[in-house]
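The sequence and the model are shown first, and short sections follow.

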Amino acid sequence: MVSDDENIPELLHENGNDSDSDEEKWEEINYDEDENEVTDCLFCSSQFKSIEVAIQHLKSAHQFDLASQKQKFQMDFYGFIQMVNFIRFHGIANPKDLLSSDSQPLWTDEKYLKPVKDYETWLSYDFDDLHVSEEGENSSLLQTIKSLQEQLKVKDELLEQACRDMQTMRDSYKRLLTKSDAGPASKQSSENDERRSLKGAVGSVKIEDDSSYFETYSHFSIHHTMLSDEVRTASYRDAILKNPSAFCNKKVMDIGSGTGILSFFASQAGASTVYAVDQSDIIYHAMEIAQTNNIKNVEFLKGRLEDLQNMPFEKVDVIVSEFMGYFLFFEGMLDSVIYGRDNYLKPSGIILPNRCSISIVGYGCQERYDNFIRFFDNVYGYNMRCILKDILNEAHVEKCDGEFVLTKPNVICEVDLYKCDLSYSNFTYDFCLEVLADAEMTSIVGYFDTFFDLPDEKVFFSTSPAVTQTHWQQTVFYLPEPVRVKEGENITGKFICMRDKKDLRSLKIELHIFDKVLKYDLN
């Protein structure tokens, strides 16, 4: 029988001599590694035999006192690891790049706890033993105090500016909210008299009944669409900035100012004061934009122009407005420009733009007609042509391609903003369209042109389908059926436009063409 002791396997190198030999070899190996170990500088390619020498090099060559940094940022061993790995990760060569613009460390993310190099001698350094001298502590403390004082100074300046801005806003709001000294009865009577004088114009509508119109302009998407329309915005910019003689030291009123872009152009052109008028809530953002851009000479007046009382001016030298709607007259904003002209513009004053015109062309895009109008012939097997009557009675705003224009244009309405009255949208015109090519005519397309006839440089832009598209696009009056036309043929008819009496911002249109009377609503 074998004893338990005999079953125990013999330990290799169990005797004392072998063990002593291994320890000597281990110490020899460690000693050899320590002899060959070098420390790479954190900021340059220099190498050193010890970390202590490298620390002195950082201080003398790079003005980076590790002990002071430890004290300044209350850095522990983990913070030291993060700083080293941050330097290695980003290849920092200048100690100044370790801090943000407000002098805060950039290495505090936990991802910098992971080493970048396979072996980094700095990470084996006993950072907790790094001695911070009393002098260093005092110096670091003074630097911290100085940094905090500088931050407080900046914040104090910002606070003072904010206080000044708030006071400016208070003054503006106080003026906006100032009420008439007249009693309620006389005020109501005055308002009723004013509305009677505006009969047939959008100003005669009670503001609460007109609120939905202004609410649409409180949304940011519509302002993005208008501002990003380069034809529109650049044309106004050129008209204003390229005609400094019309704006220098002049009082300007911007009617329907929106985000204030036209007011800011006028300010840039040298206007003494710009009065930005708008009823929608976007005006509050326009005020903030002006403050952000340090524009001091724009005063904001919230309200519909026809309703504002106690204006801070008697007359202005210039009226600028982007009043144009689809087919020029939709939305009826020209009413407010006419009101501003008659009540606030000096006799020698300038209006931008000063004239506009509406044109029509024959149009034939069979693909669009089939996809939109004939679509209802068969919708998943169902005949839905019964709804075509209502669809054809609508004027549609679409992007039209100049390739499908079939006739020469015919100007059917011209508007002089110095002379027009509130009946501007009620007109009749006998048109004649000369056909340019044999084709199927599917619609009549309307568009407008805008003119800035100014003393220094004239500016013009068009919304024709033949030129660069704008956010106004074109207004399409679809025919009930396509009509074959031939080159050289003259298509005659009558175009009648009227303001919708039930909705003063909308239009009703009659088109007498091809022995038919076609009626359309633009609303």
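This is a predicted model: local features need pLDDT of at least 70, side-chain atom pairs count only at pLDDT 80 or more; totals for chains, interfaces and linings use all residues.

Pro 115 is found in the loop that joins helix H5 (77-90) to helix H6 (134-177). With a relative accessible area of 45%, Pro 115 is partly exposed, because this value falls between the limits of 20% for buried and 50% for exposed residues. Pro 115 and Arg 88 are 27 residues apart along the chain, and their C-alpha atoms are separated by 8.7 Å.

## Helices H10 and H11

Two packed helices are described by the angle between their axes and the distance between the axes. For helix H10 (residues 230-241) and helix H11 (residues 261-268), the axes come within 9 Å and cross at roughly 25°. H10 is therefore roughly parallel to H11, as the angle is under the 35 degrees that this description requires. The crossing of H10 and H11 is right-handed.

## Salt bridges

How many salt bridges does the count come to? The count comes to 21 salt bridges. One of them joins Arg 341 to Asp 342, with 2.9 Å between the closest N and O atoms. Arg 341 is buried, at a relative accessible area of 12%, because that value is under 20%.

Another salt bridge is formed by Arg 374 and Glu 481, whose closest N and O atoms are 3.7 Å apart. This pair links distant parts of the chain: Arg 374 is in the loop between H14 and H15, while Glu 481 is in strand E14 (residues 474-485), 107 residues away. Both residues are partly exposed, Arg 374 with 33% relative accessibility and Glu 481 with a relative accessible area of 41%. Arg 374 and Glu 481 also take part in a network of salt bridges that links them with Asp 370, Asp 377 and Arg 385.

## A link between strands E12 and E14

Strand E14 also carries Arg 484, whose side chain meets that of Glu 440 in a salt bridge with an N to O distance of 3.8 Å. Glu 440 is located in strand E12 (residues 439-452), so that this pair, 44 residues apart, again links distant parts of the chain.

## A nonpolar surface patch

Which residues form a nonpolar patch on the surface? The patch consists of Tyr 380, Tyr 382, Met 384 and Ile 387, which together have about 500 Å² of accessible area. Tyr 380 lies in the loop between helix H14 (366-372) and helix H15 (388-392), the loop that also holds Arg 374. The relative accessible area of Tyr 380 is 80%, and the residue is therefore exposed, the cut-off being 50%.

Technical notes:
Residues are numbered from 1 along each chain as its sequence is written. Side-chain values use heavy atoms; hydrogens and water are left out. Patches are made of residues with over 30% relative accessible area and no salt bridge: like charges are joined within 9 Å, nonpolar side chains (Val, Leu, Ile, Met, Phe, Trp, Tyr) within 5 Å. Accessible areas come from the Shrake-Rupley method with a 1.4 Å probe; for residues, only the protein chains shown count as cover. A salt bridge is a side-chain nitrogen of Lys or Arg within 4 Å of a carboxyl oxygen of Asp or Glu. Helices (H or I, at least four residues) and strands (E, at least two) are DSSP runs, numbered from the N terminus. Buried means under 20% relative accessible area, exposed over 50%, partly exposed in between (1.4 Å probe, protein chains only). Axes are lines fitted to C-alpha atoms, for helices over the stretch in contact, and angles run from 0 to 180 degrees between N-to-C directions. Angles under 35 degrees count as roughly parallel, over 145 as roughly antiparallel, 65 to 115 as roughly perpendicular and the rest as oblique. A crossing is left-handed if the near helix is turned anticlockwise from the far one by less than a right angle, and right-handed if clockwise.
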